[in-house]
Amino acid sequence: MLAWSVQKLALDAPSLEDLVEPLAAGLALNFQHSSVEVVSCPDLRESPYSLAAPGLCGNPRIADIGGPPNLAPTPKLDRKYSFIDMVQLMEMGSKGAIIGASAGPFHVLGVNSELMPNWSYEEDAITNRTHYAKIDGKGECLCKRLNCEEFGLMANLFGSDGKPGKVLKITAKIRTGADNFTASIQRALKDKFGERIISVGGVFLIKKGKANLHVMPDFSSTPLKSREEVEKWLRYFDMTAPLVCLSVFHSHDPGLDLRLEHTHCFSDHNQGGHYHDDTTPADVEYEAYFNVADTLYRIDRPEG
Ligand code: ZN
């Protein structure tokens, strides 16, 4: 089913080297220790990152699919998407990988959930290391692998050929400022580049400390008419490092109703969900590998 609308935007992406100085300055405002460098990406299939492809390089692109209007006030249950369709709409080649944050395939799991898409493909092989997080029968979080290529409602995906190559390596620890990790980077990009759109995707690890994450429970039986009602419906948890976080964010929205930041985390200790913030700034520690997209795809943009 490829009937989804697509708006494509070529981005004027700066070189990774051009980002080092502004990001270092921005992170220093919010973290006691931080570093930004351009490195050859390690094999991100290895622990702790556990990605489906070794790298983040080759035709880097980002898609924003659907959006929160597909969830509230009432869920649009015809919004069922697949990784296979999305990589076609993102004009990806015969080999590639996607990572990011989306809603889970409610039509497969039988309940609404959070999804951490982490999937690669080549001509005759698929690697699916996707996780999902849902609320279990006791009201607790359950986070597990999910061998499924579908999702629902919305997604923010970073796609590439999945090859090794040059990426940004960013570390930060002990937060002293108001902005968290992704917010620090977004603000630094905005300050430096203004309305030039810098779209970033990749993976970061919360190595130490705790983070505030939400997990969507099953769909509400009554319409969620305000942000307040959505907040009451969501389930928030204080989750424990190490958490692997798949992240997509932009410095600026040119009027495409972009979700400016979306990060989902998973772990092998049954915790995962949608990242909001670290909650133990005195001992939080981050390590990230990011790349910058050269093309943006707005897919099935909600109307109104
Ligand atoms: Zn989310």
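Modeller: On a 1 Å grid over the protein atoms alone, a pocket is an open set of points with protein on both sides within 12 Å along at least five of seven lines. A cavity is a set of points where a 1.4 Å probe fits but cannot get out. Lining residues have an atom within 4 Å of a point.

Colleague: Which residues line the second largest pocket?

Modeller: Ser47, Pro48, Ser50, His131, Leu205, Pro242, Leu243, Val244, Phe266, Ser267 and Asp268. This pocket holds about 160 Å³ of space. A volume here is the space filled by probe spheres set on the points, which are joined across faces, edges and corners.

Colleague: What kind of model is this?

Modeller: It is a predicted model, where local features need pLDDT of at least 70, side-chain atom pairs count only at pLDDT 80 or more, and totals for chains, interfaces and linings use all residues. Residues are numbered from 1 along each chain as its sequence is written, and side-chain values use heavy atoms, with hydrogens and water left out.

Colleague: What makes up the lining of the second largest pocket, by class?

Modeller: Six nonpolar, four polar and one charged residues. Ala, Val, Leu, Ile, Met, Phe, Trp, Tyr, Cys and Pro count as nonpolar, Asp, Glu, Lys and Arg as charged, and the others, Gly among them, as polar. Asp268 is in this lining, and Asp counts as charged.

Colleague: What is the volume of the largest pocket?

Modeller: About 260 Å³. Of its 18 lining residues, Pro68, Leu71, Met154, Arg227 and Arg259 are the closest to its centre. The lining divides into nine nonpolar, six polar and three charged residues. At least two lining residues come from each of β5, α5 (227–233), β17 (261–266) and β18 (273–278). Those labels are DSSP runs numbered from the N terminus: helices are H or I, at least four residues, and strands are E, at least two.

Colleague: How many cavities of 30 Å³ or more are there?

Modeller: Two. The elements giving it two or more residues are β5 (96–103) and β11 (150–160). β5 has the largest share, three residues. By class, this lining has eight nonpolar, three polar and no charged residues. The second largest cavity has about 30 Å³, and its lining includes Leu71, Phe219 and Trp233.

Colleague: What makes an atom a donor to the metal?

Modeller: It must be N, O or S within 2.8 Å (3.2 Å for Na, K and Ca). Water is not among the atoms, so a site may look incomplete. His262 (NE2), His264 (NE2) and His274 (ND1) lie 2.0 to 2.1 Å from the zinc ion. They are its protein donors. Their spacing along the chain is H-x1-H-x9-H.

Colleague: Is histidine 262 buried or exposed?

Modeller: Buried, as is histidine 264. Buried means under 20% relative accessible area, exposed over 50%, partly exposed in between (1.4 Å probe, protein chains only).

Colleague: Why is serine 94 called partly exposed?

Modeller: Its relative accessibility is 46%, so serine 94 counts as partly exposed. Serine 94 sits in the loop between α2 (83–89) and β5.

Colleague: Where is α1 kinked?

Modeller: The kink, about 30°, is centred on proline 22. The bend at a residue is the angle between axes fitted to the seven residues ending there and the seven starting there. Pro22 is one of the buried residues of α1.
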